[in-house]
Amino acid sequence: MFSLQQKNLFNAFIASVPLSLSVVPWGILCGTLGIQAGLSPFQSQLMSLAVFAGSAQLAGLAIFMAGAGWLSLINTTIMVNVRHLLYSATYKEYILPMPFYKRFCFAFLLTDEMFALTEENTKRTGAFDYTYAMTVGLTFYIFWNIATFIGIYAANYFKNIDSLGFDFAIAATFIAMLIPMLKQKIMIIVTVITAVLCLILEMIHFKNALLISAIVGMFVGSMLTDKQGYIND
């Protein structure tokens with residue numbers, strides 16, 4: 001018979017597999033673009049091993065290939081990953097009392113997918129499970145680096161892999177994480193407002209449309225939260 005902890009580990013792994021598979025095209029794209037950007041196979045793999053941030057890696061490679069400076073690279077990386085501040089704040093009370101090495105590992109493996117699955121598990125069980133979170137994070141880490149390795153190898157055969165639509169995996173993954181979380185009226189309202197605003201700003205070629213839309217969405221969510229009638233269905 002399996003112990004309770006072993007069952008939790010198994011459940012975390014099983015929950016991680018679908019989303020892990022969905023980011024494989026994304027990881028392949030990162031590995032291939034790394035080679036096409038002029039990085040060595042070792043450097044391309046090291047980027048996924050050490051950075052482990054899909055959107056930031058793709059943005060960084062695009063900037064690198066465009067010949068932009070380090071300031072643009074750093075600024076873009078910060079803007080792309082600023083949402084992780086909110087993720088971190090969510091688990092602050094659970095993580096801060098832990099030893100440094102546990103906090104470091106949690107911060108390194110904290111991704112959108114890990115946050116979504118861990119938050120769902122926390123709400124379902126009523127308690128934050130560090131082991132569950134780390135199992136989810138490590139599963140994504142392994143899948144991501146395997147996908148990167150495949151992409152590095154595929155770079156010799158696909159010279160224009162970015163034209164195959166692999167980057168759609170980014171949008172598909174976020175949609176797959178978002179839809180199951182839309183269980184309350186306030187979440188649906190904020191999501192619709194943010195999406196519509198982002199679409200409008202993109203259509204008029206407004207800079208930082210996604211960032212502005214996210215800020216407006218958070219502001220609207222904060223205002224609606226103060227009105228009890230919007231919290232429950």
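Of the 233 residues of the chain, 37% count as buried, where buried means under 20% relative accessible area, exposed means over 50%, and partly exposed lies in between (1.4 Å probe, protein chains only). The model is a predicted one, in which local features need pLDDT of at least 70 and side-chain atom pairs count only at pLDDT 80 or more, while totals for chains, interfaces and linings use all residues. Residues are numbered from 1 along each chain as its sequence is written, and side-chain values use heavy atoms, with hydrogens and water left out.

The secondary structure comes to 13 helices and 0 strands, helices (H or I, at least four residues) and strands (E, at least two) being DSSP runs numbered from the N terminus.

Two or more lining residues come from each of the helices H4 (54-66), H6 (83-90), H7 (92-95), H8 (100-109), H9 (112-125) and H10 (130-154), and the largest share, 4 residues, is given by H8. The lining is divided by class below, with Ala, Val, Leu, Ile, Met, Phe, Trp, Tyr, Cys and Pro counted as nonpolar, Asp, Glu, Lys and Arg as charged, and the others, Gly among them, as polar.

| Class in the lining of the second largest pocket | Count |
|---|---|
| Nonpolar | 15 residues |
| Polar | 6 residues |

The C-alpha atom of Tyr153 is separated by 9.1 Å from that of Ile28, although the two residues are 125 residues apart along the chain.

**A nonpolar patch**

On the surface, Leu86, Ile188, Val192, Val196, Leu199, Ile200, Met203, Ile204, Phe206, Ile212, Ile215 and Met218 form a nonpolar patch with about 1100 Å² of accessible area together. Such a patch is made of residues with over 30% relative accessible area and no salt bridge, nonpolar side chains being joined within 5 Å. Helices H12 (185-203) and H13 (209-225) are the elements that give two or more residues to the patch, and H12 provides the largest share, 6 residues. Ile200, found in helix H12, is partly exposed, with a relative accessible area of 43%.

Technical notes: Patch = residues over 30% accessible without salt bridge, like charges linked within 9 Å, V, L, I, M, F, W, Y side chains within 5 Å. Areas by Shrake-Rupley, 256 points an atom, 1.4 Å probe, with all protein chains shown as cover. Salt bridge = Lys/Arg side-chain N within 4 Å of Asp/Glu carboxyl O.
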